[in-house]
Amino acid sequence: MKCIYNQLKLVLLASAVALTACEKGLEYKSYGDLSSVVTTPQGAVANVNAAYTGLAGGADWQGGWDAGTYAWRTQAMMTTDEGVCAWGGNWLPLRALNYTPDFDWVTHNYTRYMPYISRITISLNDIGNLAIDETLKKRYLGELKALRAHYAEMLYFNYGPVTIVTDAKIAADPNAPYVPRPTKEVAVAQIEKDFKEAADALPDKFSGQDYGRFSKAAALTGLMKLYMHEKRWNDAVTTGKAITQMGYALLSNYEDNFNMNSKGGNSTEMILAVVCSATGGDQYSNMWLAHSLPGDYADSTGIPLTAWGGYKMPWTSYDKFDKKDKRLKVLLESYPTGKTADGKVIYKNARTDGQLGAVPMKFAPDPSKANSQNSAIDFPIYRYADVLLMLAESINEANGAPNQEAYDAINAVRKRAGLGDLPAGLSKSQFLAKIQDERLFELWGEGWRKDDLIRWNMYTQRAVNDGSTTAQAYKALLPLPRTVVNQSNGVIKQNEGYN
């Protein structure tokens, strides 16, 4: 997606406009008014590319699917059994699910992503009226619908039903009246519609310079996650089986998903990723290692690495792993701190050192050594291993017990990790328990644990088990920003439990 970032620099020079429609007054730094250039094919490309900036958080530092405070993957990790942060401060109430409508860390993404939905609606109208090659137009419209569905889905998963403006005139009108939040059924139906229409318009996958764009497989993966969230198990099974027929496969080595071997669409497992650069700016770089490596970490091959020492995996979760699990190669109890005079690597044990948890390395150092803090290793959003585990769970739920296809799906993931097959004859509940653990082992730090625990009715209980006194059931949804409710004079209702 190098072409995307070059074109986007031109987009960002355009004049700023308010894109909030029915959510006036929200703080938002626009990614540009494209009305002056959308009349050209180049303008259409730039318009679509601008919509992709939300995958990396827009103007947020390391937001979206990156590694910072506001990132979906970070908040999913730090509010579940996947993670704990050593920095204290706001990380403590975040983990305890102790938040209010004034806690920016949890309200920020509502403010960030609602305007993207309106902007995409305007873009769909603009490009729909543009005289360009019809094949390209179909693709661009498909990508925009997939992005609108994705942003709306993430908002829905975290905040409950949100208004998805589909009328371009309303989306462009800063004086449009406030409207009440839709019902769950209305919001889900629009997300489903967008994902389905996107899947019908897009190629199975992208590679080369188009790698990192929404494909049919990515749209169907988002749709499958929606079906599972709604417990529409038969629909999830049908969608998952369709993805398995699209040419994806697990990589032989787990860690190759998180190193340079997956760049440029080379991975058979990566369905959608944020394409990163070590030199393209903070929003489009991978800073996971800077957040997670202890300050005394020393790469044994001599790659210089920034290390802030914040992110950890709690020992209670780390200890669930089978010690033979190959995925522990990127989740460290002991880590290198230097070498002896004769070149032998010196290791420190994080547990005996009193650290809060294992080192969640996940991503390999960037071998280019271009930047000690910013890495070019891509951030995964959707992987085929995730699809296989979702399919296994959905079959189990739909059938009331696992069948051979469900076993085959989870066992393929386990085999890659160097583990044996699950025992035959498991009940529905026993098989689900194995899925719950396997999704932790396989997908930690990738942004989906929060939705998983909510689906299993285990989200707030985790916090209670860790000593939280503020983890009431309603905390499964985040609060809307207080400003949104106040500015609408109560037309937009706050989520239950918050005041």
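**View A. The second largest cavity of the predicted model.** In this predicted model, the second largest cavity has a volume of about 90 Å³. Its lining is made up of 17 residues, and those that lie nearest the centre of the cavity are L289, L305, S372, Q373 and S375. Sorted by class, the residues that line the second largest cavity comprise 8 nonpolar, 7 polar and 2 charged ones.

View B. Around the largest cavity stand W72, Q75, A76, M154, F157, N158, G447, W448, K450, D451 and I454. Two or more residues of this lining come from each of the elements α3 (72–78), α6 (134–159) and α16 (449–455). When the lining of the largest cavity is divided by class, 6 residues are nonpolar, 3 are polar and 2 are charged.

**View C. The open sheet of three strands.** The sheet shown here is open and is formed by 3 strands, which follow the order β1-β3-β6 with antiparallel pairing. Because β1 (84–85) and β6 (357–358) stand at the edges and each has a single partner strand, one side of each is left without a neighbour in the sheet. Strand β3, which covers residues 311–314, pairs with β6 in the antiparallel sense over 2 bridges, and within this part of the sheet M313 is found opposite A358 of β6.

**View D. The crossing of helices α10 and α13.** Two packed helices are described by the angle between their axes and by the distance between those axes. For helix α10 (residues 233–244) and helix α13 (residues 384–399), the axes come within 9 Å and cross at roughly 145°, and the crossing in which α10 passes α13 is left-handed. On the side of α10, the contact is made by W233, N234, A236, V237, G240, K241, I243 and T244, while α13 contributes Y384, V387, L391, E393, S394, I395, E397 and A398. Taken by class, the residues in the contact of α10 with α13 are divided into 9 nonpolar, 4 polar and 3 charged.

Conventions
Residues numbered from 1 in each chain as written. Predicted model: local features only at pLDDT ≥ 70, side-chain atom pairs only at ≥ 80, totals over all residues. Heavy atoms only, no water. 1 Å grid on protein atoms, 1.4 Å probe; cavity = no way out; pocket = protein on both sides within 12 Å on 5 of 7 lines; lining within 4 Å. Helix = DSSP H or I, 4+ residues; strand = E, 2+ residues; numbered from the N terminus. Nonpolar A, V, L, I, M, F, W, Y, C, P; charged D, E, K, R; others polar. Points joined across faces, edges and corners; volume = space filled by probe spheres on them. Pairing = 2+ DSSP bridges. Axes fitted to C-alpha atoms, helices over the stretch in contact; angles between N-to-C directions. Left-handed = near helix turned anticlockwise from the far one by under 90°. Contact = heavy atoms within 4.5 Å.
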